[in-house]
Amino acid sequence: MTRSIEREDLTAGPPPGAPGSLEGVSLEEVQLAARNHGMPLEALRYDLTPPGLHYLLTHFDIPDVDAGSYRLEVRGNVERTLALSMEEIRAMDRVTLPVTLECAGNGRAKLSPRPASQPWLNEAVGTAEWTGTPLRAVLEQAGVGEGAVEVVFTGHDRGVQSEIEHDYERSLSVDVALRPEMLLADEMNGRPLLPQHGFPLRLIVPGWYGMTSVKWLRSVTVQDEPFLGYQQAVAYHVRRTEDDPGTPVSRIFPRALMIPPGIPEFFSRLRRVEPGRVVLRGRAWSGWAPIVRVEVSADGGTTWADATVGEPLSRYAWAPWEFAWDADVAGRHDLVPRATDAAGNVQPVLPPWNVDGVTNNMVQVVAVLVG
Ligand SMILES: Nc1nc2c(c(=O)[nH]1)N[C@H]1C(S)=C(S)[C@@H](COP(=O)(O)O)O[C@H]1N2
Ligand SMILES: [Mo]
């Protein structure tokens, strides 16, 4: 199921290529942006993002977790409470799955007015090969009790947001938690997790926005009631007004991004391209259904033509696409890719505005100067 019709009503804001918001960027936003870096878009060229180029989002501080004394607690409504060491976890079934992660706030900085939070443009994405134990194997070892409705994932990190002090925690319904693709990952691209990506163990929820993939996992708690923690019940909702309870964010809406062609101007990032045929390349993904179409406009979204879409490394990884563009006319051109998935979700040309600035999958606009 998709929410595309609901999302239409949320659409508001400037057309692609229009000048960005003129509101000032605060030092707090700069601080967040420096801590939580994005993936430079030229890294779209790799099937698997080298770990140092993968985007990063950490709400509080990166905790220092000792792998030797580490125990994953599995508790709540279970037949057996567990406290698993990394050795015990690594001795269970092992699975490797390429997964594209994207932050729900990707695109936030292009909203006007801009919600004050991590100011992502388009770059809060990356794809890694995650290796670990299926979550289901651990839940089956513990034995999910009758009447259980949700599974809560608690991180080792703690902080204050909206004046509420809390551990970073998110939940999934028991049905979703038992899906076979859910992973407790201890390796990223064949190496132990880096500290910033959740060492020694994190959850990976393929197809969902990144907030669900809890890093530095401390415990897994099976509950008989819905979890009402801050990051679940308050944050990560699509809300039209402050009072709107909104709808929770879950799966990733489609997005296509292009490797910016040619060479950049240092400050504006405006691209310079030699006249002639330019092969534009990029990636496209959706957490709802496979990508079935990528179109490219070379005139800021007025006319569109189909790109060629290749095979992704897995159902949960981005698909490559390419498009031959004849850059014959000197001057400025706004290049725009647009993705469609098999569930009928199409990227909007106008930004879907909401209070938290989440799920803005409006199209990317790459300004290029030919000649
Ligand atoms: N424990 C914990 N897990 C977390 C977060 C966090 O702040 N603490 N941030 C979440 C968010 S919002 C995102 S987008 C992803 C980012 O994963 P990455 O930093 O490995 O790219 O981690 C998620 N898991
Ligand atoms: Mo995020």
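## Report on a predicted protein chain

Of the 371 residues of the protein chain, 53% are buried (under 20% relative accessible area; over 50% is exposed and in between is partly exposed, with a 1.4 Å probe and protein chains only). This is a predicted model, in which local features need pLDDT of at least 70 and side-chain atom pairs count only at pLDDT 80 or more, while totals for chains, interfaces and linings use all residues. Residues are numbered from 1 along each chain as its sequence is written, chains are lettered from A and ligands numbered from 1 in the order in which they are written, and side-chain values use heavy atoms, with hydrogens and water left out.

### Overall form

The protein chain holds six helices and 22 strands; these are DSSP runs numbered from the N terminus, with helices being H or I of at least four residues and strands being E of at least two. Its radius of gyration is 21 Å, which agrees with the value near 21 Å that a compact globule of 371 residues would have. That radius is taken over C-alpha atoms, and the globule rule is 2.2 Å times the number of residues to the power 0.38. Along the principal axes, the C-alpha atoms of the protein chain fill a box of roughly 70 × 45 × 40 Å.

Contact means heavy atoms within 4.5 Å. Of the contacts in the protein chain between residues at least 6 apart in sequence, 74% join residues at least 24 apart.

The protein chain carries 34 positive and 48 negative side chains, with the centres of the two sets 4 Å apart. Lys and Arg count as positive and Asp and Glu as negative, whereas His and the chain ends are not counted. Each charge is placed at NZ of Lys, CZ of Arg, CG of Asp or CD of Glu.

### Confidence

Confidence is given as pLDDT, the predictor's value for each residue from 0 to 100. The mean pLDDT of the protein chain is 94, and 94% of its residues reach 70 or more. Confidence is lowest in helix 1 (residues 4-10), with a mean of 37, and highest in strand 9 (residues 202-204), at 99. Over residues 1-21 pLDDT stays under 50, and for these residues the model has 39 contacts beyond four places in sequence.

### Buried residues and their contacts

Aspartate 157 is found in strand 5 (residues 150-161). Phenylalanine 60 lies in the loop between helix 2 and strand 1 (72-76). The two residues are 97 apart in sequence, but their C-alpha atoms are 6.6 Å apart in space. Besides Phe60, aspartate 157 touches Asp61, Pro63, His166, Asp167, Tyr168 and Trp216, not counting residues up to four places away in sequence. Leaving aside neighbours within four places in sequence, phenylalanine 60 is in contact with Arg35, Asp157, Arg158, Gly159, Val160, Gln161, His166 and Gln231. By contrast, 32 Å separates the C-alpha atoms of phenylalanine 60 and valine 365, which are 305 residues apart along the chain.

Glutamate 29 lies in helix 2 (residues 27-35). With residues up to four places away in sequence left out, glutamate 29 touches Gly24, Arg114, Pro115, Ala116, Ser117 and Pro119.

| Residue | Relative accessible area | Class |
|---|---|---|
| Aspartate 157 | 4% | buried |
| Glutamate 29 | 5% | buried |
| Phenylalanine 60 | 10% | buried |
| Tyrosine 236 | 11% | buried |
| Glutamate 163 | 80% | exposed |

In helix 4 (residues 135-142), the buried residues include Leu135, Ala137, Val138, Leu139 and Ala142. Glycine 143 follows helix 4 and has a positive phi, near 80 degrees.

### Backbone geometry

Glutamate 163 has a positive phi of about 65 degrees and is found in the loop between strand 5 and strand 6 (164-173). Tyrosine 236 has a positive phi of about 55 degrees, and its place is in the loop between helix 6 (230-234) and strand 11 (237-238).

Cis peptide bonds also occur. One joins serine 112 and proline 113, with omega about 0 degrees; proline 113 lies in the loop between strand 3 (95-102) and strand 4 (125-134). The peptide bond from phenylalanine 199 to proline 200 is cis as well, with omega near 5 degrees, and proline 200 is found in the loop between strand 8 (191-192) and strand 9.
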